[in-house]
Amino acid sequence: MKKKLLALATSTVMMVGATVALSPAAFAACAGNFKIYFQGALTGPYAETGINENNGVILAIKDYNKTATVKLEAAAIDTEASGAKSPALAKKVVDDECALGVVGGMYSGETINAVPVYEGGGVPVISPSATNPGLTNKSPIFHRVVANDLVQGPVLATIAKRVGKKIFVVDDATPYGKGLAKIVKLNLTKSQLAGTDAVTEGTTNFSSVVSKVKSSKATVVFYGGYYPEASIFIKALRDNPATKNIKFVAGDGVLDGEYLKLAGKNAEGSYLTAPGLPMQTSAPKLYAAYKKEFNREPGLYTLEAYNAAYFFTQAVKAGNTTRASINKYIDDTVVKGQGMTMSFGPSGDSETIVMNEYTVKKGKIVWVRKY
Amino acid sequence: MDFSVLTSEFVSLTFDGIVVGAIYALVALGYTLVYGVLRLINFAHSEIFMIGTMTCYGVTLLLNIAADTDPLSPQVFIIVFTLIIVTAAVASGLAAVTLEFVAYRRLRVMRASRLSSLISAIGASFFLTELFRLLTDSKNIAFPRLIDKEPVLVISSAYITLDKILVLLGASVLFIVLNRLINHTKLGLGIRAVSQDENTAVLMGVNVNRVVSMTFLVGGVLAGAGSAFYMAFYETTKANVGFLVGVSAFTAAVLGGIGNVKGALVGSFALGLIQQYSSAVLGYNWRDVVTFIILVLVLLVKPTGLLGEALQRARV
């Protein structure tokens with residue numbers, strides 16, 4: 001008798017398990033609010049960019065909820081921008097029945113590793129700032145609102161050639177940094193490329209790199225990487241009398257308030273680019289609302305993160321509450337966001353392409369021109 | 001491969017390699033001293049170094065100069081740097097003694113296997129890194145400019161700056177003091193006795209617990225001083241800085257012959273130079289590949305490290 005009961009209990013448990021696992025509408029069983037997740041760094045050395053993006057998402061959801069019938073909730077996973085951590089966290093999003101979509105990831109490396117996980121769960125993704133070209137054209141769920149490094153790289157090369165004749169290219173061996181450096185190199189002639197080197201993320205010792213730059217007699221350095229290392233690198237360059245006045249060119253990974261803080265006056269005059277638009281001029285009303293809400297300046301990509309989240313809110317507003325229908329909406333619809341119009345080509349890349357040049361003047365990041 | 005850099009920048013690379021080697025040596029000595037008395041790789045030693053760098057930053061915060069970007073005047077610098085290096089050395093020294101007491105002593109008294117101590121060491125290392133990661137939000141911390149970095153002397157391709165001279169002079173003084181401590185004091189005699197034969201040392205009336213504590217203290221103080229030089233030189237730190245420096249310092253200690261004080265010095269300078277030369281010729285990201293290939297080759301030929309033989313003869 002006991003045995004029979006046990007067998008019955010086991011089979012019941014197994015049946016329930018099977019039903020839950022097989023049910024195609026598992027996430028339709030969401031009990032509370034539907035959620036839009038942000039993926040990026042909220043702690044760690046790269047957190048400044050992440051917090052600025054996450055705030056954009058929070059504000060977009062808040063604005064939407066004011067008039068919405070189907071309310072949304074802003075949630076976040078903190079990857080610390082690490083490609084090693086992002087897949088496990090992405091799995092959590094996939095398993096969350098209330099998750100409808102993801103704004104993110106913030107950097108290319110963490111996004112490359114997380115996208116296959118999202119794809120497995122059919123979760124639509126719109127990245128505000130992952131610019132590696134290899135991300136698009138791979139997965140039907142991945143989209144991004146910014147132009148990729150195939151646009152950014154040539155612009156960086158143009159700037160580098162404008163400010164000097166001999167260019168030394170350094171990257172940090174991450175998918176983003178290495179990828180961007182490669183495109184820059186492709187846009188330089190042999191005589192323009194003075195030399196190359198690659199460092200590792202987290203390094204503090206740039207003395208051998210500076211020696212190489214010095215020996216190459218380059219007048220411009222391009223750095224493909226992020227601000228924590230860039231701020232140490234620029235300091236090392238400025239401290240060496242031979243490379244003191246070298247022009248420093250870098251992409252959107254360096255463009256961050258934290259770069260100014262860590263590099264101090266050494267950051268002055270850096271040539272930087274980003275597909276991101278300055279919020280203050282492109283969406284002044286939103287800029288004011290943002291400052292009121294968070295009592296801080298928005299960062300690069302705050303506007304893009306806001307708009308990516310805004311795309312999701314419009315999808316839900318149009319009556320889509322499943323991951324699949326939202327993904328279809330994103331693929332098919334043109335949405336006018338704040339200061340930019342968004343639509344995606346079949347590859348997942350944005351159909352509007354903008355690239356901006358910035359510089360550092362008197363301790364502030366200043367927009368220079370549009371390409 | 002780019003050998004032209006090696007020829008045109010040889011003096012500069014060599015000088016920088018020696019400076020980096022001096023910092024490695026101050027940390028490597030801690031690994032080697034502890035290994036000498038306990039036959040234990042103190043994996044948390046890198047975090048003792050990290051605590052030193054954080055203390056340096058803390059002192060600048062207290063002095064309200066943490067955001068300074070202009071170097072201090074020479075007189076002020078001497079006072080401030082003395083304060084920083086002493087505080088960092090004390091903090092790291094105390095941290096090392098505490099670490100020994102919390103993570104290793106009980107295991108040693110209970111005669112637990114060396115493996116348990118090793119795991120305890122790794123655990124302590126993780127604990128400290130993660131603790132400081134939380135405390136600092138794992139952000140990079142910029143250290144103020146304390147000393148002018150305009151070159152005071154130019155030798156061929158090398159710019160000799162005050163901060164590099166400071167590192168070399170300071171480290172040399174510490175090496176001399178350590179040498180005297182080990183060879184000419186009662187404590188040094190105790191350390192040498194315990195590292196040769198613990199049981200006999202006990203029979204001869206050596207207080208092993210005291211010797212072990214003092215060894216950790218000495219190692220910690222050296223790492224703390226090293227961290228102050230590191231901060232003056234690199235001007236940045238973060239929660240995992242210990243790992244970056246610790247791996248190199250540990251490698252240097254093994255390269256020179258772990259347990260051997262002179263070996264740690266030789267290994268550190270050798271490693272500093274190898275790293276500079278290899279990153280110049282092959283590129284920075286090949287640095288560690290080359291370093292470890294050389295380490296493996298040395299250990300294949302001389303399993304006890306560069307100066308390992310002398311050590312074994314001394315022990316027989």
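Colleague: How many residues does the contact take from chain A and from chain B?

Modeller: The contact takes 29 residues from chain A and 28 residues from chain B. This is a predicted model. A pair of residues counts when their C-beta atoms lie within 7 Å.

Colleague: Which elements of chain A supply the side that touches chain B?

Modeller: β7 (193-198), α7 (207-216), α8 (227-239) and α9 (257-263) of chain A each supply at least two residues. α7(A) gives the most, with seven residues.

Colleague: What is the make-up of that side by class?

Modeller: The side of chain A that touches chain B has 10 nonpolar, 12 polar and seven charged residues. Gly is counted among the polar ones.

Colleague: What box do the C-alpha atoms of chain A fill?

Modeller: Roughly 85 × 50 × 35 Å, taken along the principal axes.

Colleague: How much of chain A is buried?

Modeller: Buried residues make up 57% of its 371 residues. The test is 20 or more other C-beta atoms within 10 Å. As for contacts in chain A with a separation of 6 or more, 71% join residues 24 or more positions apart.

Colleague: What does the domain assignment of chain A give?

Modeller: Domain 1 (30-148 + 279-342) and domain 2 (150-274). Their centres, taken over C-alpha atoms, are separated by 29 Å.

Colleague: How many residues of each domain are in contact with the other?

Modeller: 15 residues of domain 1 of chain A are in contact with 15 residues of domain 2 of chain A. On the domain 1 side, α2 (47-65) and α4 (108-121) of chain A each supply at least two residues. α4(A) gives the most, with three residues. By class, that side of domain 1 has seven nonpolar, seven polar and one charged residues.

Colleague: Which residues have the most contacts inside the largest nonpolar core?

Modeller: V221(A), F222(A), A309(A) and L26(B). The core has 218 residues. Its largest share, 18 residues, comes from helix α2 (residues 10-38) of chain B. The core also draws at least three residues from each of domain 1 and domain 2 of chain A.

Colleague: What does L26(B) touch?

Modeller: A171(B), L174(B), L222(B), A223(B), A225(B) and G226(B), not counting residues up to four places away in sequence.

Colleague: Which residues of α6(B) are buried?

Modeller: D163(B), K164(B), L166(B), V167(B), G170(B), A171(B) and L174(B). What covers these buried residues includes α2, β3 (158-160) and α9 (208-234) of chain B.

Colleague: How do you know that the span of helix α6 of chain B agrees with its length?

Modeller: Helix α6 (residues 162-184) of chain B has 23 residues, which should span 33 Å at 1.5 Å a residue. Its end C-alpha atoms are 32 Å apart, which agrees.

Colleague: Why is α3(B) called largely enclosed?

Modeller: 14 of its 18 residues are buried, so α3(B) is largely enclosed by the rest of the structure. Helix α3 (residues 45-62) of chain B reaches 26 Å from its first C-alpha to its last, close to the 26 Å expected. α3(B) is followed by N64(B), whose phi is positive, near 65°.

Colleague: Why is A173(A) called partly exposed?

Modeller: A173(A) has 17 C-beta neighbours inside 10 Å. Buried needs 20 or more, and exposed needs 12 or fewer. A173(A) therefore counts as partly exposed. A173(A) lies in the loop between β6 (167-171) and α6 (175-186) of chain A. Its phi is positive, about 65°, although A173(A) is not a glycine.

Colleague: What makes N295(A) exposed?

Modeller: N295(A) has 7 C-beta neighbours inside 10 Å, so it counts as exposed. The cut-off is 12 or fewer. N295(A) is in the loop between α11 (284-294) and α12 (302-317) of chain A. Phi of N295(A) is near 55°, a positive value in a residue other than glycine.

Colleague: Is the peptide bond from G104(A) to G105(A) cis or trans?

Modeller: Cis, with omega near -10°. G105(A) is found in the loop between β3 (99-103) and α4 of chain A. Most peptide bonds are trans.

Key. Residues are numbered from 1 along each chain as its sequence is written. Chains are lettered from A and ligands numbered from 1 in the order in which they are written. This is a predicted model: local features need pLDDT of at least 70, side-chain atom pairs count only at pLDDT 80 or more; totals for chains, interfaces and linings use all residues. A nonpolar core is a set of buried Ala, Val, Leu, Ile, Met, Phe, Trp, Tyr and Cys residues joined through C-beta atoms within 7 Å. Helices (H or I, at least four residues) and strands (E, at least two) are DSSP runs, numbered from the N terminus. Domain bounds come from an automatic or database domain assignment. Two residues are in contact if their C-beta atoms, placed from the backbone, lie within 7 Å. The expected span of a helix is 1.5 Å times one less than its number of residues.
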